[in-house]
Amino acid sequence: MKNSYLQTDSKDPSSFVIAGKGVPVKDAKEKVTGTLKFAVDMKVQGMVHGKILRSPHAHARITHIDTSKAEALPGVLGVVTHNDAPNLNWENAWFNYRGKVLDGIVRFVGDEMAAVAATSEEIAEAALELVEVEYEILPCVFDPEKAMKPDAPQIREEGNVRDPYIVEWGDVTKGEQEADFVVDCEIKFASQQMAPLGRNACIAEWNGDRVTMWTSSQTPSELRDGIHEAFGIPLSKVRVCALPSGSSFGSWWSANFMMITVLLAKKVRKPVKIELTNEECMATVKRRHLEISRGRMGCKKDGTLTLAQFDHIIDNGGYGFKDDVGFFCVDNWGRTSHGRYVIQSVNTNLVTAGCMRAVGDVTLGSCVERVADMCAIQVNMDPVDFRLKNQIKPGEELRMQHSKGYLKGSIDEYLDGIPEAQRRDWPKLFHLSSGSTEDILIKGAEAFDWKGKWNGWGKPYSIDGPKRRAVGVGTGAHVCGVEFEGNVSAVVRINPDGSAKVHCAAGRQGQGSETTQAQVAAEELGIPFDKVEVETGDTDSCPWSHGSLASNTMFRVGWATRAASRDAKRQLLEIAAREIFDSDPSELDVNNGVILFKDHNKKDPQISIEGVLNHFRGTDALGQASSITGRPAYPMPPSSAFARHFAAHFVDLEVDTETGEIKLLDWLATQDSGTIMNPQVMKNQMIGGAICGAGFAICESLVFDEETGRIKNANLLDYKLLRAADFPVNGEVIYGDSYDPVGPFGARGAGEAPAAAAGPAIAQAVYNALGMWVDMPMTPENVITALHSDS
Amino acid sequence: MKQPFEYLRPNTSEEAVALKAKHKDRARYWAGGTDLMLQWRAGELDIDYCIDLTYLPTLSYVENEQGSVRIGSMASLDDLDYAADSNQLMEVIGHTARLMCTKQTRTISTVGGNMCNASPSADLSVLFVALDCEATIMGSGGSRTVLVENFFKGVNETILKDDELLIEIRLPVPEYPKEACYKRIARTFVDIALISSAVSISSTNGVVTDARISLGSVAPVPIRSRTAEQKLIGLNLLEVDDDILEEAGQLAATDASPISDVRAGKVYRQDMCKVLTRRTVEESVQKLVQKQK
Amino acid sequence: MTKLTVNGKECEVQIKPHESLADVLRDQLDLFGVRVSCNEGECGSCTVIMDGKPVTACIVLGMQAEGKEILTIEGIGTVDNLHPIQQAYIEEQGFQCAFCTPGFIMATKAFLEENPDPTEEEAAIGISGNICRCGAYPYIVKSVLNAAKKLQEQQNTE
């Protein structure tokens, strides 16, 4: 049998039965018929509707709040204010949010102050107008650098400024001395908005002292933790049923409006649904940080980088508490012998900022790519060649290894908890285990006819009146999940009829987790894919897991799914060996739902899983047959210490030098994510990431009012998103050829590197068209402004 | 604060006008509603009645009459797309309509509704000005006709009196060669025009006999640059060279008074007046030259 | 009470004057495939077909749908009986989170009725009235072209 489950340890993807196949996602039919339910579609019997009262001020203390008129409105069931909220801080994943549900202080225009529950949304909305609030206006600050000054208005009780996060290796003074020249630049990045079309809603219901929540979330486990922290109730009394979300990109981990829903539901003792409008989603939940990058690189005449020194500031908005961005460009360009990256985060009176797709690598990564290109320009080296020369290869040291002053903890702390015996088979930590930009740059350059179109730095390959055409290449990297705050786990159950179910906390935002986890489990178990289902959102059945952030799902959750499947299979084969085959379990395997001997010469017996379990069931005093439950038997190695995924994007574009308009003509997205578990899903992640990054590069930016910090374009009319006609219809993808030693069947994370690679590719192509750099977003106006200021 | 309103459905234009005369500014004519719905949701529309025009049977035509095209005020933007084949000017109108909003919104939006909303960036309004279009208006006191150029008073303000209803836009089609062109700059494929330029040029025996140059998003209303127009009149088509185009563009830019808003800054808009005017004049002239051959 | 004709059936609904067609379809007829995202006619998620033409239901007054034939995603195919366009989207995986997908499919249907044999570029322009934030555009365009073929084959066999 060529393709057979019997070869599950094989590293040859062509031997896989279901792993690596582009099968339609399991919910495809629901998706195209509109029957897949999102949180906004959810209804619970007896539920009432909630609306949130939002602050008109950027920074204020509520000195008096009178809800009596609102409560008196017919149809209103109750109102909550900070006086009802517990005095407990809660945090979401990665310190993207830290605060109390309501605390009587508002920190950005649109911040939550109170909430009303009523029999209809309309009545709840009308009731909001009847809540009377008096404020003590506090001074406010919107500029991150101003907010860092000691005399700036303090927004958080812990102060505005977190300790700097530093990654350093070698000696920057030496790095400068070894260089033949040094180049530097400063870039201020606009804030990107996730603009989640799926919006969100939250339904919370209390039964006695137990709470159930339905909402779209990518991080069910951490959401449950948040509720536990915010309300001081045991985890056993909290159940989160996370539903699929529309594209989230970091919006829908846990959000404070969910906690307010819980508070309101407790007050009125009825299920409460709060549904956010599009404007609320875009202006009151989360956004990408505003970031300022100041970088310099030292380089030798032969194109060897000797120095990488970057100072980077990120704003956390009102409630963010992060001290870093995940910036794996550090590692991608880590061959540089000396380096120092310093991240400084600070709060501002703007809506909370935090992780959005490829956090840090979209922004700081763009700055690094540009400074590196500036070096390549000086030595007149082709940018593909410059990257091949200076970017990390497998086996080389990861610069991000030991963190310094890292709120989330360090790898050393993590390792302390793992016995030596369980770390024996781990890859070499702090070194890149597999993958790089090498294979994909070479393949991509060839497929794109890079050498044919590359005309030299700052030289368009075609000039037609005011229109110039040029190509560009950009690379990006990101981690494949991280291990702090808790590991990943999964549970796999084999049912008496031979079907199986995976329970693993993950998100569903179109990245196919309900399908790819099933592929992993099916491949490992030897059970047909059609008989394997996945539960990702119910915290009552899914063990703790980071969920879908930091490109965690395929690599880490998938690893746990495979490990749990292995354990379930072991239990199954122990039963089969003992009860029917009269052999050692190690002699057996499962293929296509049938248990048989591994040894081809032993053809009999071959019995279906169902046959074995049902045969055994009658005498199964311990109940083993009906309750095979597998879970990982050993811990996963810490991904951030060895795993990265990489993308290289090639773009061909045209700039109209009179109007500044940019037209994307052709796109090639290449990616190294190890084994591609499902190409149909993967191609979408690569192009989808490209479009997200391209949007950041060309047209997306939040506009903040200078006086109040209010977002002026929290709508899709003026927060511009790319359309089908804005992106090359023949955008292609190419996969790299690597096999991850740890990831399930060689697969690695995938969702974020493509978002990081897109912008630099466009920026470089624009440089090549115009002979000058343009900052993002490269709107027509910004291009013309740059052209005019240059002349 | 969103104020609920009552729904009224007239069956004839006369009924509609009578209802508006009765309720005055407590009522609004509601055509496609693409603008009014958003204003109401933002709490910016305080009315007691909406007068739904979409059931009026006789206002959604696009008809060719000798020497002119008559567009009913309730014709949708999509209808203009379908009517684009009738003549070279309707082709430009159709092309311009296709640049606006989305297919779905074009199906709902009406030519009249779009004009009456009087946004400074309304693409068709800018073009209608350059094409010498006329607007026919009906009120309880009778009907009148005004040049579209004189229809707009300010941002979201027209010369319509309380009860008046826009009935029809008439495009005069000339006897002698006339070509037009419309261009706009936007940030993405679907966008409100950051700035736009519409040009029409008439010629006889290869000489420019008349010209209209209008601009959008550079003033509270669509404006004409009469100085730029004068530059072209009397010239032989083949004399319209790069220098002339440059001058015309420059003159148009000086007639514009753009502001900065969330979409674009005024310096950029000012600069683009020149660029777009140059390009629209050039293309119109090229079309005429082609026609001559 | 107002009578609406939705997916070939006559229904009686209670429409408030300011209610959008999208709200009426979702709240009173449980047609959740009519998805509301931007609620300002910009993104196309709520696209339905009204008297044969695609409209964004979020800015159409419910009352303006009286006397018209409304077609939603629920009316063109089901999980047990997919429409060729739906089948095409599955084959090309022209979606990710799929919140926008019903809107795209309705827009596709309307587009192919006007232009049954589009080029790649025409297809991209044709469905640019819809936004996909996940960024599945090239695969959506392929879905439209795949659907065009399927519909043509269907026509040829009829």
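Here are a few notes on chain C and on one residue of chain A.

1. First, some ground rules: this is a predicted model, where local features need pLDDT of at least 70, side-chain atom pairs count only at pLDDT 80 or more, and totals for chains, interfaces and linings use all residues. Residues are numbered from 1 along each chain as its sequence is written, while chains are lettered from A and ligands numbered from 1 in the order in which they are written.

2. Chain C has 5 helices and 5 strands, counted as DSSP runs (helices: H or I, at least four residues; strands: E, at least two) numbered from the N terminus. Along the sequence they run β-β-α-β-β-β-α-α-α-α. With a radius of gyration of 15 Å, close to the 15 Å from the globule rule for 158 residues, chain C is as compact as a globular protein of that length. That radius is taken over C-alpha atoms, and the rule is 2.2 Å times the number of residues to the power 0.38.

3. Chain C splits into domain 1 (2-75) and domain 2 (84-157), with bounds from an automatic or database domain assignment. Their C-alpha centres sit 21 Å apart.

4. How many residues of domain 1 of chain C are in contact with domain 2 of chain C? It's 13, meeting 12 residues of domain 2; contact means C-beta atoms, placed from the backbone, within 7 Å. On the domain 1 side, β3(C) gives the largest share, 3 residues.

5. Over in chain A, I762(A) is in contact with residues including G472(A), V651(A) and L653(A), leaving aside neighbours within four places in sequence.

Terms used. Two residues are in contact if their C-beta atoms, placed from the backbone, lie within 7 Å.
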